[in-house]
Amino acid sequence: MKATYIDYSDTNSFSKTLIAYLNNDAALAPFYGNRPDLAGFKDQLEQKKNFAHRELLSKALTDQYGDLLSSSPEVAQNILRLKDANTFTVTTGHQLNIFTGPLYFIFKIVTAIKLAKDLKDAYPEHEFVPVYWMATEDHDFAEINHTRVFGKKIAWDIDALAATGRMNTESIGETVRQYANTFGLSENATKLTELVEEAYLQGSSLADATRTFVNSLFREYGLVIIDADRKEFKKLFAPTIEQDIVKEKSFHAIEKTSKALMDAGFSTQVHAREINFFYLTDEYRERIVRTDDGRFEVLHQDLFFTEEELKKEIHAHPERFSPNVVMRPLYQEIILPNLAYIGGGAEIVYWLQLKANFEQYKVPFPILIPRNSALITDDQTAGKIFRLDFTFKSIFRSSETLKKDYVKRITKHRLNLTDEWMEFNAIFGKIKLRAHKIDPSLGPSTDAVKARLKKAVNSLEKKLLKAEKRNHQDALIQIDRLKDRLFPNGGLQERTENFAELYLKHGDELVRELVKSFKPLDFKFTILY
């Protein structure tokens, strides 16, 4: 594949806050730590050098992988490396979308892999391990129970219980069949079908199925996949859980930061609660709230704790306490020797709300890396773009803008009435002067006539353009088809399309090409064709 790059701002698809972060806007400086560059990583290595839980982490990961490690030597080596003081992680995280969900799931992981490679080149005395954090405790099943391939929605339509990672996949067989039936007949189709069936048809949990599938795609790059829904990890987090629930420390810090962000002119993404933990069992995941009498209630379960009972419960059963979106990042940084978090635009924005919370718990704040974003097409489509005299940058404009630009560029006629209006304007200047000499009160009447004429001229100009568009209808239809192909449902390809269509075409070369082309610290939108 060939690669070209454009600025994120030229795509008109990313938030003001993210663009400001990429542009090193001074107004955002108080809300993050080290900058996302090699100098920033040098400082981050120093901050994270005293990470204390390496043996526990390596053993827990080995137990989670089980037999998978025998066919994943690069992963096994990286898990072993995590015991060493000179090994660090770069982490991305995402929900357990079936069959990986939208393309950006793949892009997140590839960004982590490539960043680890780039850091190894810059700091060869250290080891860098790419990590995918599975959001196994998330309970929003409706967000992850479907994917879209070849324009068709494939869904696993069952009732959800508790954390999605604990759900059993024994009922997903028909969904797997529907997904694989879109592949057609080819060597890559056969391989992808085998990978999907091996992962999802073993009657295991969705967390185990996701680990197996993602590992099959990325094991040669040493990607380590972590499931933090484990008692041994939660024990490390228990003191923080207690302080957040009993003292509401996170709520106050995050609310203060969120207000400061808004005062600086930036939007916020998440809302902190007084208590930012759920109570988690195999049957439910419900919020914990403080009642008027000072007790702690698990909503909708008729379950209450006094403060002392709650503290005992946290330390005896920390696995029952599940962090929400604002506390999960802190949990991640406590149990990993992590340098950077790779996230989508919305994720980067909500991480900016969290720095003060990290500071009060004395946990190093990671470097924030926006994931690589990309559009993947082919030579044929690229040829159509160029034949229409567009560029990869201009193709991000709206269809109507592209059509207007095309017609104005290709027409043999002059479609604007600018020169004529300048003549009218000069005439009205004379008329207004004459009218003023006769009666100064006639000035507004002259202006009103001029305004009506300007409106009529603008209307006529639009009719000229519309008439000329009819003369180039075939080309305009091509523009619509081009936009529909590159931007499904009017949005970025990566936000809706599954990777299967591209895998069927490119096979394992797809990931290799992404790893080769992505440049995590350049912060450019990637176009591959």
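The volume of about 40 Å³ belongs to the space inside the largest cavity, a feature taken up again in point 4.

1. Overall form. The model is predicted. The chain has 529 residues, of which 53% are buried. It contains 21 helices and 15 strands. Along the principal axes, the C-alpha trace spans about 95 × 60 × 50 Å.

2. The largest pocket. This pocket holds about 1,200 Å³ of space. Its lining is made up of 45 residues, and those nearest the centre are Gln-95, Asp-138, Glu-143, Val-325 and Tyr-350. Both helices and strands contribute two or more residues to this lining: the helices are H5 (103-122), H12 (328-335) and H13 (345-351), and the strands are S2 (87-94), S3 (127-134), S7 (277-280), S8 (285-290) and S11 (321-323). Which element gives the most to the lining of the largest pocket? Helix H13 does, with four residues. By residue class, the lining divides into 18 nonpolar, 14 polar and 13 charged residues.

3. The second largest pocket. Here the volume is about 320 Å³. The lining consists of 15 residues, with Ile-376, Arg-485, Gln-493, Glu-501 and Leu-502 nearest the centre. Helix H19 (473-486) and helix H20 (500-506) each supply at least two of the lining residues, and H20 gives the most, with four. The lining of the second largest pocket comprises five nonpolar, four polar and six charged residues.

4. The cavity. How many cavities of 30 Å³ or more does a search of the whole structure find? The search finds one. The residues that line the largest cavity are Tyr-8, Phe-14, Leu-18, Gly-343, Gly-344, Gly-345, Pro-370, Arg-371 and Ser-373. Four of these lining residues are nonpolar, four are polar and one is charged.

5. Salt bridges. Side chains of opposite charge can pair when their charged atoms come close. The count for this model comes to 34 salt bridges. In one of them, the side chains of Glu-46 and Lys-49 meet with an N to O distance of 2.5 Å. Glu-46 has a relative accessibility of 47% and therefore counts as partly exposed. Lys-49, at 41%, also counts as partly exposed.

6. A salt bridge within a helix. Glu-359 and Lys-355 form a salt bridge with an N to O distance of 2.6 Å. Because these two residues are four apart in helix H14 (residues 355-360), about one helical turn separates Glu-359 from Lys-355. The cut-off for a buried residue is under 20% relative accessible area.

7. A network of charges. Salt bridges that share partners join Arg-81, Lys-120 and Glu-127 into one network. Within it, Lys-120 is bridged to Glu-127, and the closest N and O atoms are 3.1 Å apart. Lys-120 counts as partly exposed, since its relative accessibility is 28%.

8. A nonpolar surface patch. Phe-424, Ile-427 and Ile-431 form a nonpolar patch on the surface, and together they have about 240 Å² of accessible area. Ile-431 lies in helix H17 (residues 418-438). With a relative accessible area of 40%, Ile-431 is partly exposed.

9. A buried leucine. Leu-195 is placed in helix H7 (residues 187-200). Its relative accessible area is 11%, so Leu-195 is buried. How far apart are the C-alpha atoms of Leu-195 and Ser-216? They are separated by 7.0 Å, although the two residues are 21 residues apart along the chain.

Notes
Residues numbered from 1 in each chain as written. Predicted model: local features only at pLDDT ≥ 70, side-chain atom pairs only at ≥ 80, totals over all residues. Heavy atoms only, no water. Patch = residues over 30% accessible without salt bridge, like charges linked within 9 Å, V, L, I, M, F, W, Y side chains within 5 Å. Areas by Shrake-Rupley, 256 points an atom, 1.4 Å probe, with all protein chains shown as cover. Salt bridge = Lys/Arg side-chain N within 4 Å of Asp/Glu carboxyl O. Buried < 20%, exposed > 50% of the residue type's maximum accessible area, 1.4 Å probe, protein only. 1 Å grid on protein atoms, 1.4 Å probe; cavity = no way out; pocket = protein on both sides within 12 Å on 5 of 7 lines; lining within 4 Å. Points joined across faces, edges and corners; volume = space filled by probe spheres on them. Nonpolar A, V, L, I, M, F, W, Y, C, P; charged D, E, K, R; others polar.
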